[in-house]
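Please look at the sequence and the 3D structure shown below.

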Amino acid sequence: MGTQLGTVRGLGSAKEGAHHWWIQRVTAFGNLLLVLWFIISLLRLSSLDYGVVTAWLAAPIPAVLMALLVINVCWHFRLGLQVVIEDYLHGGNRILALGALHVWTFLMGGLALYSIFKIAFTGAAHG
Amino acid sequence: MQGHIMAVRNARPLSPHLGIYKWGPHMLVSIMNRAMGVGLATVGTLGFVGWLVALASGEAAYADFMSCVTSCYYLGYLIAIGLTFAFFFHMLAGIRHFVMDAGAGFELKANRLWSWLTLGGAVVLTVGTWLIIFGKAV
């Protein structure tokens with residue numbers, strides 16, 4: 001009765017993973033700053049009414065920081081959900097889930113960036 | 001072949017898993033951190049992007065979105081408050097991970113203390129945030 005050790009012996013490490021781990025930490029620190037800034041910004045607005053929020057988001061610094069927030073958050077949850085999927089799913093299901101994760105990440109990121117830029121470039125549009 | 005390998009693997013002893021350990025706050029915070037992360041990435045992203053898309057679609061669409069959040073009174077607020085807690089928990093647990101990545105905070109008492117503070121801090125920050133929101137609404 002052998003084990004599966006023989007099939008991997010001599011291959012060395014996977015030679016990847018440190019980069020994934022490190023970018024997860026880098027984006028975590030970015031999220032710490034950006035999401036806290038976002039929450040505090042919303043709390044400082046006089047209300048969450050349409051005119052108030054669009055006027056805030058149409059200004060250059062909030063628009064750029066919100067775009068950075070979207071990229072950073074999407075990158076972070078892309079890495080995080082990948083680890084969850086790899087822990088619990090195997091075989092074909094894993095490949096399907098990782099594909100769905102790609103679609104989810106880019107779909108949500110694209111929609112969010114377009115929305116931010118539309119408000120930023122057209123001003124607080126009416127209607 | 002595949003079946004043979006599986007049979008061999010199944011015949012071998014497994015390493016100890018969750019079932020045999022006595023539960024402590026560090027285990028709770030660890031699994032909750034993953035759960036909160038998954039919740040933020042799915043429900044949180046959907047809510048955040050939905051809010052942005054509604055905002056970009058104009059005043060009427062934005063009003064619909066906001067009334068949807070606030071009119072089904074308990075459900076909308078429940079999700080919003082839940083996401084607030086999920087964010088603060090994930091944030092504090094992440095800061096705890098930064099400390100542990102540096103090799104610190106593994107002593108039993110320190111680990112226990114910071115685990116409880118992660119949980120308690122998330123509750124305090126969530127309550128504080130919503131006190132500000134409801135204070136402004138009145």
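**Two helices of chain A**

H3(A) and H4(A) are roughly perpendicular to each other, a term for angles of 65 to 115 degrees, where under 35 is roughly parallel, over 145 roughly antiparallel and the rest oblique. Their axes cross at roughly 85° and come within 5 Å. Axes here are lines fitted to C-alpha atoms, for helices over the stretch in contact, and the angles run from 0 to 180 degrees between N-to-C directions. Helices (H or I, at least four residues) and strands (E, at least two) are DSSP runs, numbered from the N terminus.

The model is a predicted one, in which local features need pLDDT of at least 70, side-chain atom pairs count only at pLDDT 80 or more, and totals for chains, interfaces and linings use all residues. Residues are numbered from 1 along each chain as its sequence is written, while chains are lettered from A and ligands numbered from 1 in the order in which they are written.

Which residues make the contact between H3(A) and H4(A)? On H3(A) they are Trp56(A), Leu57(A) and Ala58(A), and on H4(A) they are Pro62(A), Ala63(A) and Met66(A). Two residues are in contact if their C-beta atoms, placed from the backbone, lie within 7 Å. The residues of this contact divide into 6 nonpolar, no polar and no charged. Ala, Val, Leu, Ile, Met, Phe, Trp, Tyr, Cys and Pro count as nonpolar, Asp, Glu, Lys and Arg as charged, and the others, Gly among them, as polar.

Now take each chain as a whole. Chain A has 5 helices and 0 strands. Its radius of gyration is 21 Å, well over the 14 Å that the globule rule gives for 127 residues, so chain A is more spread out than a compact globule. The radius is taken over C-alpha atoms, and the rule is 2.2 Å times the number of residues to the power 0.38. The C-alpha trace of chain A spans about 75 × 25 × 20 Å along its principal axes. Of the 127 residues in chain A, 19% are buried. A residue is buried if 20 or more other C-beta atoms lie within 10 Å of its own, exposed if 12 or fewer, and partly exposed in between, with C-beta atoms placed from the backbone.

Chain B also has 5 helices and 0 strands. For its 138 residues the globule rule gives 14 Å, but the radius of gyration is 21 Å, well over that value, so chain B is more spread out than a compact globule. Along the principal axes, its C-alpha atoms fill a box of roughly 65 × 45 × 25 Å. Buried residues make up 20% of chain B. Met32(B), in helix H2 of chain B, is partly exposed because 19 other C-beta atoms lie within 10 Å.

Where the chains meet, 24 residues come from chain A and 24 residues from chain B. On the side of chain A, H5(A) gives the most, with 7 residues. That side divides into 16 nonpolar, 6 polar and 2 charged residues.

The largest nonpolar core has 33 residues, and Val70(A), Ile116(A), Leu55(B) and Phe89(B) have the most contacts inside it. Such a core is a set of buried Ala, Val, Leu, Ile, Met, Phe, Trp, Tyr and Cys residues joined through C-beta atoms within 7 Å. H2(B) gives the most to this core, with 9 residues. Leaving aside neighbours within four places in sequence, Ile116(A) is in contact with Leu57(A), Ala63(A), Met66(A), Ala67(A), Val70(A) and Leu52(B).
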